[in-house]
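I am opening a notebook on a structure I have not looked at before. My entries follow the order in which I looked things up.

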Amino acid sequence: MALNEPGDTGQPASPAHALPEVALEARLEQMLARLKADGHRLTPQRVSILRVLAESEGHPSVEQVHQRVLTRFPNTSLATVYKTVTLLKQRGEVLELGFSELDNRYDGARPTPHPHLVCTGCGAILDPPDHEAHGLALEEMARRIAAETGYAIATFRLDFYGLCPACQGRTVPPAES
Ligand SMILES: [Zn+2]
Ligand SMILES: [Zn+2]
């Protein structure tokens, strides 16, 4: 296989800031190792669920993960997906984003806290391209707040709400006819 250095493919970066293939495989391996260490069975269905979560294309809901797994394993139950997501969540291998007006959404690609962009038009959820630097800045803020308040901060969350570029295009009032 040819070397595939980032930036030499001539292709634009994925707008969803998907993990590069190598990082995706590493995430998958880590999830697999964690479940195996906990004594859970790794059926092909479960591996497929982990792969969808490692990709976390668009921060899917459990139902969306289920739909994607069904294309390969039509007999996978929604309960199996729920169970797997719960196990990973308990082990810090998937980040859960709860919303009052949307289903819970999941990020298995980047399970540590980082800011998210939430589109109130179409429900798309995106990691900003510079999510790593933003995540570190948030950690620093959390450390300072912990020092100021004496709180033992366990986790944190920052969401930016608004319209994605595609939805901004759709809000142009229709021409009168
Ligand atoms: Zn949108
Ligand atoms: Zn994310």
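Among contacts in the chain between residues at least 6 apart in sequence, what percentage join residues at least 24 apart? I looked this up and found 51%. I note here that the model is a predicted one.

**Entry: the chain overall**

I went through the elements and found 6 helices and 5 strands. From the N terminus on, I read their order as α-α-α-α-β-β-β-β-α-β-α. I then looked up burial: of the 177 residues in the chain, 21% are buried.

**Entry: helices H2 and H3**

I know that two packed helices are described by the angle between their axes and the distance between the axes. I looked up both values for H2, which spans residues 44–55, and H3, which spans residues 62–70. Their angle is about 125°, and the axes lie 9 Å apart. I therefore wrote the pair down as oblique to each other. The crossing of H2 and H3 is right-handed.

Which residues meet where H2 and H3 pack? On the H2 side I listed Gln 45, Ser 48, Ile 49, Val 52 and Leu 53. On the H3 side I listed Val 65, Arg 68 and Val 69. Sorted by class, this contact of H2 with H3 has 5 nonpolar, 2 polar and 1 charged residues.

**Entry: a sheet**

I next looked up an open sheet of 3 strands, ordered S4-S3-S5. Its pairing is mixed. Why is one side of S4 and of S5 left without a neighbour in the sheet? S4 (125–126) and S5 (159–162) stand at the edges and each has a single partner strand, so one side of each has no neighbour there.

I checked how S3, residues 116–119, is joined to S4: the two run antiparallel and 2 bridges link them. For Val 118, I found the bridge partner in S4 to be Ile 125.

**Entry: Pro 113**

I located Pro 113 in the loop between S2 (105–107) and S3.

Gly 135 is 22 residues from Pro 113 along the chain, and their C-alpha atoms are separated by 6.5 Å.

Definitions and conventions. Residues are numbered from 1 along each chain as its sequence is written. Chains are lettered from A and ligands numbered from 1 in the order in which they are written. This is a predicted model: local features need pLDDT of at least 70, side-chain atom pairs count only at pLDDT 80 or more; totals for chains, interfaces and linings use all residues. Axes are lines fitted to C-alpha atoms, for helices over the stretch in contact, and angles run from 0 to 180 degrees between N-to-C directions. Helices (H or I, at least four residues) and strands (E, at least two) are DSSP runs, numbered from the N terminus. Angles under 35 degrees count as roughly parallel, over 145 as roughly antiparallel, 65 to 115 as roughly perpendicular and the rest as oblique. A crossing is left-handed if the near helix is turned anticlockwise from the far one by less than a right angle, and right-handed if clockwise. Two residues are in contact if their C-beta atoms, placed from the backbone, lie within 7 Å. Ala, Val, Leu, Ile, Met, Phe, Trp, Tyr, Cys and Pro count as nonpolar, Asp, Glu, Lys and Arg as charged, and the others, Gly among them, as polar. Two strands pair if DSSP finds at least two bridges between them. A residue is buried if 20 or more other C-beta atoms lie within 10 Å of its own, exposed if 12 or fewer, and partly exposed in between; C-beta atoms are placed from the backbone.
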